[in-house]
Amino acid sequence: MDNRVFTRLGAGALCLGVAAPTLALDASIEGVDDKLASNIEIYLDDLEASQYHPERLEAEVRRLAAEALRPFGYYEPSLTVRFDDPEAPSHVELEVDKGEPVRIDRLNFVLQGAAADDAPFTEAIEAYPQKEGEVLRHAPFDALRSRLSSLALQRGYFDWRFTQRRLEVRPWDHSARLSLGLDSGQRYRFGNVYFQGEHIEPERLQNLVPFEEGAPYLAGEVARFNQNLGQTEWFGSVSVRPRLDQGTQSLALPAREIGWWHSLDVAGIPEASSPPPRISSQALGAAAKLQAPETPRVPIDVLVTPADRHQFETGIGYATDVGPRARLTWDQPWVNRYGHSWDHDLYVSGPEQKFSGTYTMPLEDPLRDNYELQYGIRHKDNDDTESLEASVEFGRRWKFDNGWEQYLYVRSTYEDFTQAGESNQVLLLYPGVRWSRTRTRNPTFPTWGDRQQLTVQYSNEAWGSDAEFLRVNGDTQWIRMLGDDNRFVGRLGVGSVSTDDFGNVPPSLRFFTGGDNSVRGYSYESLSPEDDEGRLIGGEQRFVASIEAQRRVADKWWLASFVDTGDAFTDWWPEDLKTGAGLGVRWISPVGPIRFDVAHPFDDEDAYRIHFSIGPEF
């Protein structure tokens with residue numbers, strides 16, 4: 001027979017003085033498997049021997065153990081109870097003979113009303129795990145009852161009720177009959193949507209409603225509507241609630257008692273005739289049902305408050321690529337009643353200083369379709385690159401149901417630069433298109449995810465650009481887990497600039513590799529073709545690849561090993577790719593993952609290089 005011993009010790013208690021400690025009763029349970037023994041343990045857990053007379057204690061142990069077995073279909077167990085000390089017991093040996101189990105004799109599950117033709121309800125009943133003749137277990141019956149009631153509320157059957165809900169056990173016959181009947185009534189449909197407190201044009205807000213008036217009610221659609229409103233960032237708070245009236249019976253007013261402050265001196269005034277009988281609430285409700293609509297509607301009430309019109313955020317950080325860095329953002333989530341927004345970003349680091357802004361104009365679907373006007377000025381001074389760039393860009397962004405995003409734009413850039421001692425000034429006007437998609441689970445430290453991005457840009461002297469080129473740049477990155485403690489990160493990037501006048505292509509459109517998020521072991525953007533004096537000139541092609549394996553060593557600590565390879569070059573394909581490999585540590589801090597890597601470059605004089613950064617991979 002199986003043997004399992006459970007020990008439970010009580011703790012001494014002090015309350016306004018010293019009280020004698022009370023100890024829970026230790027128990028040894030034999031004759032049942034782990035699941036049943038665990039349930040008996042739970043039932044006996046708070047039993048304190050000192051609180052009972054010995055005879056009463058034995059009766060209580062028998063009662064609790066028998067109750068613990070019933071959810072598993074054993075209603076007539078045979079129990080042998082032995083205490084270590086009959087007068088002051090501290091330990092009990094409980095030998096259990098489960099006896100003959102109760103088996104299911106009949107299952108009777110009935111759906112009435114509109115839910116009888118609603119697939120989730122029928123699927124829930126068809127998925128009931130027990131069949132007639134099997135040993136009774138209470139949990140599946142309770143779960144089905146909860147599932148049906150939850151479905152009724154989630155799918156708009158607000159008049160639902162159980163017509164029968166019976167678990168009939170016949171221990172003398174070792175049989176059980178399970179009966180469950182649900183009358184769902186009619187399914188409610190979505191009514192009108194009413195906004196309160198809005199500062200954005202109602203038509204714009206109506207475009208965020210994910211359901212049509214008259215569509216069958218779904219709680220998930222209400223939650224989705226709430227999420228849509230929140231994603232606009234127009235509001236400080238959002239509340240979306242279905243309006244479920246109390247019904248027509250609430251129109252019948254109850255009798256009201258008259259207080260002394262309303263009393264009058266009625267002496268000598270003849271008694272008034274009796275008022276006509278008041279219509280009862282039941283009668284009024286019955287009369288209203290005669291004119292009740294065939295399909296009830298649920299209006300949706302939306303209460304919103306405006307978001308702060310001006311929002312500021314500052315941040316400081318450090319990365320081995322750029323050293324200390326600081327950022328100041330000024331966001332205006334809504335500029336006018338049409339939901340336009342305006343964002344500004346000031347970024348400062350040693351090699352780069354940048355100010356940029358984006359003015360967003362949402363269209364019919366504010367979350368998926370908008371125009372964007374972007375502008376900025378940037379100064380960069382890094383190794384052999386010095387550049388002052390000013391740009392203006394106008395584009396349209398689409399977001400699709402499959403998660404992909406398309407951005408079509410026209411960009412004008414003026415850049416005054418010196419690259420490897422060669423100075424130039426160019427004015428470019430070129431269209432471009434970018435496709436991207438990012439998917440993650442647990443964005444702070446993704447356990448699964450991937451990111452893809454492909455950009456195509458074309459410039460031609462025919463419309464006034466100083467350079468003619470076709471530039472294609474693509475990146476993909478993925479994160480996967482193997483078990484709970486092994487995490488893998490992979491990256492791949494390629495790029496190409498096709499041109500006959502590379503000297504007029506500014507540094508911002510040339511390719512450089514190396515650094516924290518490129519080829520570790522090499523300094524930031526230090527890999528590219530060089531001139532005769534060893535100065536970097538930038539590449540027409542780019543290739544980088546990386547594979548990293550991480551292993552959890554503690555709750556928030558991970559060790560990592562990695563290999564990176566890549567280069568920027570002029571002719572496709574290079575003779576040799578630059579490669580680095582190393583080890584690292586990851587700590588999931590409250591402000592995001594902190595990454596510390598030590599990488600060895602195989603094609604450089606340095607023995608190793610340290611890389612440090614904060615934030616997730618993407």
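View 1. Two strands are said to pair if DSSP finds at least two bridges between them, where strands (E, at least two residues) and helices (H or I, at least four) are DSSP runs numbered from the N terminus. In this predicted model, local features need pLDDT of at least 70, side-chain atom pairs count only at pLDDT 80 or more, and totals for chains, interfaces and linings use all residues. Residues are numbered from 1 along each chain as its sequence is written, and side-chain values use heavy atoms, with hydrogens and water left out. Strand β2 (residues 26-30) runs parallel to strand β4 (residues 91-97), to which five bridges join it, and I29 stands opposite L94 in β4. Four of the five residues of β2 are buried, so the strand is largely enclosed by the rest of the structure; buried means under 20% relative accessible area, exposed over 50%, and partly exposed in between (1.4 Å probe, protein chains only).

View 2. Because R187 lies in the loop between β7 (175-183) and β8 (189-196), and D118 in the loop between β5 (103-112) and α3 (119-126), the pair ties together parts that are 69 residues apart in sequence.

**View 3. R411 with E389 and E393.** The side chain of R411 meets that of E389 at 3.3 Å, N to O, and that of E393 at 2.8 Å, N to O. E393 lies in strand β16 and R411 in strand β17, 18 residues apart.

How values were computed
Salt bridge = Lys/Arg side-chain N within 4 Å of Asp/Glu carboxyl O.
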